[in-house]
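The topics are grouped below.

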Amino acid sequence: MRVRDYRLFFSGQLLSQTGNFMQILAQAWLVLELSGSALDLGLVTAVQFLPLLLLSPTAGVLVDGIDRRRLLLITQTLGLLDAALLGLLALTGTATVPVIFTLALFLGLVGAVESPARQVLVFDLVGSQLIGNAVSLNEVTINFARILGPAVGGILLTAWGPGPCFLVNALTYLVALWVLLVIHPQPELDRAPHPAAGLVEGGRRRRMAGALAAFLDGLRYVGGRPDLRGLLVLAGASAMIFNFGVALPVLAESGFRSGARGYGLMVAAFGAGALVGAGVAAADRAPGARRARVLALLTALLLLASVAMPTLGWELVLQAVTGTVSIWFVAIANAGLLLLSSPPMRGRVMGLWSMSLPGSTPVTGVLVGWITSVLGGRAGLAAVAVTLLLCVVLTWSGLGAQPPEPQRPADRGSEDRRTS
């Protein structure tokens, strides 16, 4: 928070993420009002997240080849237009389920580019010495917004319906756009040119060839780095943890006979623990692959222990501790990827991160849902724990490998110019 530009970016993201969670709440309610189908609720979420799964790796080519701030100005403007249009359609009563699906898909396409660009921009703002702290604070914004957004959105939804939720979210984009206009990122000077630079000049065939070459270069780079591969595998496995709406409601109903109250308490306990975990990660000065594998192992063991809890009270304790450790793990893994990646490849690596987490959420959600529906809530949680545990075992040695070109802390002697 000493860095002025990051302080502004943090504040803008906190407001913007709060608006996004308001929109998610209102969107789900609007779909339910129009169709009355729970299947449509699941499908609209899948449609919105699918581009993250399919397109984030190729979007990373754009992030490496184009100015990140300019790219985010475009994506934030498109997000604003999406929210404003949804708000107008809801207020005028002209919204339909196909239109909502189309706008959700559009927002997912925008998010596939925005997610890796935002991750790398944070590095450009703070440098390698503070990136672990900054990534952890980003987790604070997401988890705080996950609580505040639905709370404020619920009040607006109850009083005036879904339309104002979308319009308020559109207004939060204005703040994010203003922040992007006044900050001054400093990309690393050793970021070498690569084929992605051809995306902004030359003929169509040349641009496509350059993009494909840059994408394949990124895959080869990650393929030759066992530490990066391991972190991405663990990110994909950890996506299963965050499918709250699948196993926990069933566990609350059939496992503890506590219904909606028990489900709400478990989600709240995990969320409270997540805020603590983000704070712990912010104070962790040693992000990296080796720390991440230990925290991933501990997360898997805690999940296994939560399966065996006999009462709701003990389950709440385990959910809180699991929330702390899992978010600590995710933040450390995220920061580790940014630190371990070569600057010219950083956008493509973070594109793969976005594909793994949260992009794989729809796929892992279906898997956990199927196991839960067949074997029950405890089996669903056990499947998450065992999957993560197996991934830790498979990647353990690779995560302990010494990177071939360790990233040295960036010289931030000029930080005085950007601090208050």
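pLDDT is the predictor's confidence in each residue, on a scale from 0 to 100. The structure here is a predicted model. The mean pLDDT of the protein is 84, with 89% of its residues at 70 or more.

**Confidence**
- Residues 189–201 have pLDDT below 50, and this stretch makes 28 contacts in the model beyond near neighbours in sequence.
- Residues 406–420 also stay under 50 in pLDDT, and the model has 36 contacts for them beyond four places in sequence.
- Where pLDDT is low, the predicted coordinates should not be read in detail.

**Cavities**
- Three cavities of 30 Å³ or more turn up in a search of the whole structure.
- The second largest cavity holds about 60 Å³ of space.
- Its lining consists of F9, G12, Q13, L72, Q76, E114, R118, A176, V179 and L180.
- At least two lining residues of the second largest cavity come from each of helix 1 (4–35), helix 3 (68–92), helix 4 (97–126) and helix 6 (162–182).
- By class, the lining of the second largest cavity has five nonpolar, three polar and two charged residues.

**Aromatic pair**
- One aromatic pair is found in a search of the whole structure.
- The ring centres of Y6 and F10 are 6.2 Å apart and the ring planes meet at 45°, so the pair is tilted.
- Both Y6 and F10 belong to helix 1, where they sit four residues apart, about one turn of the helix.
- Y6 counts as buried because its relative accessibility is 2%, under the 20% cut-off.
- F10, at 13% relative accessibility, also counts as buried.

Notes. Residues numbered from 1 in each chain as written. Predicted model: local features only at pLDDT ≥ 70, side-chain atom pairs only at ≥ 80, totals over all residues. Heavy atoms only, no water. 1 Å grid on protein atoms, 1.4 Å probe; cavity = no way out; pocket = protein on both sides within 12 Å on 5 of 7 lines; lining within 4 Å. Points joined across faces, edges and corners; volume = space filled by probe spheres on them. Nonpolar A, V, L, I, M, F, W, Y, C, P; charged D, E, K, R; others polar. Contact = heavy atoms within 4.5 Å. Phe/Tyr/Trp six-rings, centres within 6.5 Å; stacked < 30°, edge-to-face > 60°. Buried < 20%, exposed > 50% of the residue type's maximum accessible area, 1.4 Å probe, protein only.
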